[in-house]
Amino acid sequence: MIIGKSNFLICGIGEGEVALSIYGIKEILWDVKVYSLPQVSDYIIGIFADDKKLAVVIDLVKFFGISEENKERILLKFKTDEILVFLAVKDVKEIIDVKEEEVYPCPPMFSSLIPNYYISGLIKKEERFIPIIDVAKILAHEEIKPYTMISK
Amino acid sequence: MVKKTLLIIIIFFLILLVIKNYKEYQRLNFLNEEYLKEKDKINEEIFLLKEIAVNLEKFRLFFEPIYLEEIKKLAAKSEIFKNNTYTMLINNLNYLTVKPKKNDLIVFSNFRMFLAEKEREVRNKLNNLEINYKKIKDRRKERVYRENIIITSGLIGLLFLVNVFFPFKTKNEKIFNNYFSLLEVLKIVKEKSDKYLEKITNWENKIIEFKKAWEHFSGSQDLENIDNYRKNFTYCLLNLQLGLLQKDYLLINKYFINFQQMKEKILNLLIQNKSQYLNNYFKESEEVINFLKEDLIKLEKIIGEIKNYEIKK
């Protein structure tokens with residue numbers, strides 16, 4: 001839920017696009033090398049070091065089970081006081097201002113790929129409907145949560 | 001609008017109160033002047049009565065007309081003797097000079113009694129005047145004091161409300177404003193950059209066309225470069241925008257340097273690939289770069305200010 005006006009990052013995952021609140025997103029990284037990790041879920045595509053801190057990279061394309069291979073690997077650095085994680089998306093298109101009245105509740109079965117649980121609303125912008133992905137819910141996923149804590 | 005109306009009403013009442021307060025001050029001063037005037041008049045009257053009494057005594061003892069003349073002169077100055085009923089007393093004295101009756105005690109004693117009584121009356125008047133003056137003065141002073149408190153509280157309240165409704169700019173806010181103006185500049189830069197990227201895309205298409213038409217054109221490396229630059233440029237701008245929205249000075253600084261370097265690279269690429277066929281595109285692109293340069297100067301100035309603020313902080 002947004003009050004007043006908020007900014008969202010419009011990212012491409014697969015063929016579609018999703019919106020992520022810029023809250024917590026500290027940087028957009030591209031042309032980076034991700035080191036793979038053994039014996040982890042396929043959406044945890046590896047590990048990346050930034051500011052002398054290691055963090056896992058979660059591929060949102062794979063997390064939502066979208067079959068397309070995410071070759072570009074644009075990383076979004078998500079950091080709070082306790083969490084550091086990188087979210088891989090296909091590309092980042094723009095940062096938009098979204099007014100409260102432009103956000104609609106998500107109807108049931110809006111997307112066959114992204115479960116409604118992870119969609120906190122729909123942004124209507126110039127004849128486009130963009131689902132807002134709740135990053136907190138992704139990071140609270142039982143398989144991801146242990147990897148997101150900042151390494152001391 | 002409501003805030004402004006409220007402030008105007010408060011200011012209006014404060015002005016009314018200040019005017020009232022000023023008038024009260026004036027009245028207080030006027031009262032003081034009036035009191036002093038009246039007091040002087042009464043004191044003078046007492047002095048005259050005493051002088052008349054002294055001269056009366058001298059007249060009684062020496063019976064010299066000169067003292068009677070003095071009494072007349074003093075009586076002429078006195079307000080009390082202006083009343084006709086008292087002229088009789090002077091006439092009695094005159095009568096004594098025409099038909100001297102030395103030691104005519106009744107005339108003198110009447111006159112003395114009259115003088116003593118009048119002096120007592122005048123002194124009472126003085127006392128009453130002082131009491132009344134003090135009473136009115138205290139009352140007015142208290143009113144002025146009360147009004148002063150209301151005006152001071154009103155001014156403090158007004159200042160507080162103005163600060164709440166229209167916050168004063170602190171240094172911190174100035175920096176935020178700089179961020180906002182930086183955001184404005186970035187919007188302009190982005191707008192121009194979008195046009196610029198569009199031109200690069202056009203250029204890219206032209207190169208493809210060119211390559212198809214003239215196979216000897218060795219631009220394959222350039223195509224890749226252009227694509228890379230376009231991507232880098234876009235992400236660099238997005239990071240700048242992200243930094244500005246989150247007021248992340250480090251991120252702004254990092255990508256601002258990146259932005260400058262990239263601009264130089266694109267400029268070089270344009271110069272390297274200059275050919276007659278693409279001349280118009282280069283020309284247009286250079287114009288855009290010139291606009292970008294102007295915006296960069298603005299950006300540099302604002303970033304410099306933010307840096308200074310960070311250092312001072």
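The largest nonpolar core in this predicted model holds 56 residues. A:Ala19, A:Ile58, A:Leu87 and A:Ala88 are the residues with the most contacts inside this core. Helix H6 of chain B, covering residues 220–245, gives the most to it, with 8 residues. Another core, of 12 residues, lies apart from the largest one.

Here is a short tour, topic by topic.

**Chain A**
- If you count the elements of chain A, you will find 3 helices and 11 strands.
- Their order along the sequence is β-β-β-β-β-α-β-β-β-β-β-β-α-α.
- Chain A has 152 residues, and 36% of them count as buried.
- Taking the contacts in chain A between residues at least 6 apart in sequence, 52% join residues at least 24 apart.

**A helix pair in chain B**
- Two packed helices are described by the angle between their axes and the distance between the axes.
- In chain B, the pair to look at is helix H1 (residues 2–62) and helix H4 (residues 105–165), whose axes come within 8 Å.
- These two axes cross at roughly 165°, and angles over 145 degrees count as roughly antiparallel.
- H1(B) and H4(B) are therefore roughly antiparallel to each other.
- The crossing in which H1(B) passes H4(B) is left-handed.
- Sorted by class, the residues in the contact of H1(B) with H4(B) are 32 nonpolar, 18 charged and 3 polar.

Methods. Residues numbered from 1 in each chain as written. Chains lettered and ligands numbered in written order. Predicted model: local features only at pLDDT ≥ 70, side-chain atom pairs only at ≥ 80, totals over all residues. Helix = DSSP H or I, 4+ residues; strand = E, 2+ residues; numbered from the N terminus. Buried ≥ 20, exposed ≤ 12 C-beta atoms within 10 Å, placed from the backbone. Contact = placed C-beta atoms within 7 Å. Core = buried A, V, L, I, M, F, W, Y, C linked by C-beta atoms within 7 Å. Axes fitted to C-alpha atoms, helices over the stretch in contact; angles between N-to-C directions. Parallel < 35°, antiparallel > 145°, perpendicular 65-115°, else oblique. Left-handed = near helix turned anticlockwise from the far one by under 90°. Nonpolar A, V, L, I, M, F, W, Y, C, P; charged D, E, K, R; others polar.
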